[in-house]
Amino acid sequence: PVISISPQTATMCAGTSVALNARGATSYSWLPSNSVDNAFSPVVMASPMASTNYTVIGSAATCTSSAIR
C-alpha cells in the first residue's frame with residue numbers, strides 16, 4: 001500500500017496536540033506510540049513533549065509500507 005499522513009507539516013508548541021491522519025492501508029501502527037492517544041488507529045492525537053518525527057506503518061492484506069511525518 002501507499003501510505004500518506006496529513007497534515008503534510010505540523011508544528012506545535014509543547015503541551016499542545018495535533019491530529020495526524022494516515023491513509024492507504026487497512027491497519028496502522030504509529031511510532032513512537034507513547035505520545036499518541038491510540039497507536040493502532042488511522043487518526044491519532046499526537047502530544048509530543050519535544051520535536052518528534054512520527055512513523056506510521058500500514059498494512060493491507062500481506063503488504064506493509066510506512067510513512068514518516
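S6 touches A19, L20, N21 and R23, leaving aside residues up to four places away in sequence; contact here means heavy atoms within 4.5 Å. This is a predicted model, in which local features need pLDDT of at least 70, side-chain atom pairs count only at pLDDT 80 or more, and totals for chains, interfaces and linings use all residues. Residues are numbered from 1 along each chain as its sequence is written, and side-chain values use heavy atoms, with hydrogens and water left out.

- S6 lies in strand β1, where strands (E, at least two residues) are DSSP runs numbered from the N terminus.

- β1 and strand β2 (residues 18–23) run antiparallel and are joined by three bridges; two strands pair if DSSP finds at least two bridges between them.
- The order β1-β2-β4 describes an open sheet of three strands with antiparallel pairing.
- β1 (4–6) and β4 (43–46) each have a single partner strand and stand at the edges, so one side of each is left without a neighbour in the sheet.
- From one strand to the next, the twist averages 25° (axes are lines fitted to C-alpha atoms, and angles run from 0 to 180 degrees between N-to-C directions).

**β3, β5 and β6**
- Strand β3 (residues 27–31) runs antiparallel to strand β5 (residues 55–60), with five bridges joining them.
- β5 is also joined to strand β6 (residues 63–68) by six bridges, again antiparallel.
- I57 in β5 stands opposite S29, and in β6 the bridge partner of I57 is S66.
- Two residues separate β5 and β6 in their hairpin, and A61 in the turn has a positive phi of about 60°.

**The largest pocket**
- The volume of the largest pocket is about 250 Å³ (on a 1 Å grid over the protein atoms alone, a pocket is an open set of points where a 1.4 Å probe fits, with protein on both sides within 12 Å along at least five of seven lines).
- Its lining has 15 residues, with A10, M12, P48, S51 and T52 nearest the centre; lining residues have an atom within 4 Å of a point.
- The lining of the largest pocket divides into ten nonpolar, four polar and one charged.

Technical notes: Helices (H or I, at least four residues) and strands (E, at least two) are DSSP runs, numbered from the N terminus. Grid points are joined across faces, edges and corners, and a volume is the space filled by probe spheres set on the points. Ala, Val, Leu, Ile, Met, Phe, Trp, Tyr, Cys and Pro count as nonpolar, Asp, Glu, Lys and Arg as charged, and the others, Gly among them, as polar.
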